Amino acid sequence: MTDESAGVEEASGVDEPSGLDEPADLSEPAELTEAALEALLFVAERPLARREIATLAGVDRATVDARLGDLEVSLMGRGIRLVLSNDRVELVTAPETGALIARYVGADAVRLSPASLETLAIVAYRQPVTKGAIERIRGVDSDYTIRSLLHRRLVVELGRSEAPGRPYLYGTAFEFLERFGLTSLEELPLLDVDVAGRLAQEDVATEPGTDAGADSGPVDGAIATGDTTSAGSTADVS
């Protein structure tokens, strides 16, 4: 190496801006703003757990809860809603925009039978609940109805009971909240005292062969309509 070339290399080393090619340090905790949280939930392809958001943003759980509260307030009256189900959160379209969104995506109205509505109401208010408890309340075999609700993702399996045989426990998930325009289970309408008492007793005395699903009754009255077209749908950027 000549002295001239060495001088050129030394000069270039001094003049070259430092740090331009270094990747940004993504490990540094960053403040979670309301706008950043909204953007994250908007691009997410699935509901996100609060703990997951905290890990991604490098903040604590209390900060996530505070920003979620701020975002929920900010979205009131707009076309997007924040849905919270246990530890998970998701952005969905507002219920009042459902008809327009359905026309755009070409979605047909989803109609539920009286038996499906009754079963869904029992699951919504009693969850987690077993198939046996549902059948004792309804007084009729509910295997087909539950499988239909599972297929539509209005009901999900939450795990297994510790009871003998370890039957499945059923509950509702985001799809239920979206279809009925709810942001959380706390928005479920209050039950009549008689209906609440009926749901609280698993061992309801019913005559053999009585088809409780044939009578819409007061239980499915809590979820008043089987037409879920007007409810919200998941916000999607694809």
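Mentor: This protein has 10 helices and six strands. Helices are DSSP runs of H or I with at least four residues, strands are E runs of at least two, and both are numbered from the N terminus. It's a predicted model, where local features need pLDDT of at least 70, side-chain atom pairs count only at pLDDT 80 or more, and totals for chains, interfaces and linings use all residues. Residues are numbered from 1 along each chain as its sequence is written, and side-chain values use heavy atoms, leaving out hydrogens and water.

Trainee: What makes helix 3 roughly perpendicular to helix 4?

Mentor: The axes of helix 3 (residues 50-57) and helix 4 (residues 61-74) cross at roughly 105 degrees and come within 9 Å. Angles of 65 to 115 count as roughly perpendicular, so helix 3 is roughly perpendicular to helix 4.

Trainee: Which residues of helix 3 and helix 4 meet?

Mentor: From helix 3 you've got Arg 50, Ile 53 and Ala 54, and they meet Arg 61, Val 64, Asp 65 and Leu 68 of helix 4. Contact here means heavy atoms within 4.5 Å.

Trainee: How do you know that strand 2 and strand 3 pair?

Mentor: Two strands pair if DSSP finds at least two bridges between them. Strand 2 and strand 3 (residues 88-93) have six bridges, in the antiparallel sense. For instance, Arg 81 has Val 92 in strand 3 as its bridge partner.

Trainee: And why are strand 1 and strand 2 called edge strands?

Mentor: Their open sheet has three strands in the order 1-3-2, with antiparallel pairing. Strand 1 (48-49) and strand 2 (80-85) each pair on one side only.

How values were computed
Axes fitted to C-alpha atoms, helices over the stretch in contact; angles between N-to-C directions. Parallel < 35°, antiparallel > 145°, perpendicular 65-115°, else oblique.
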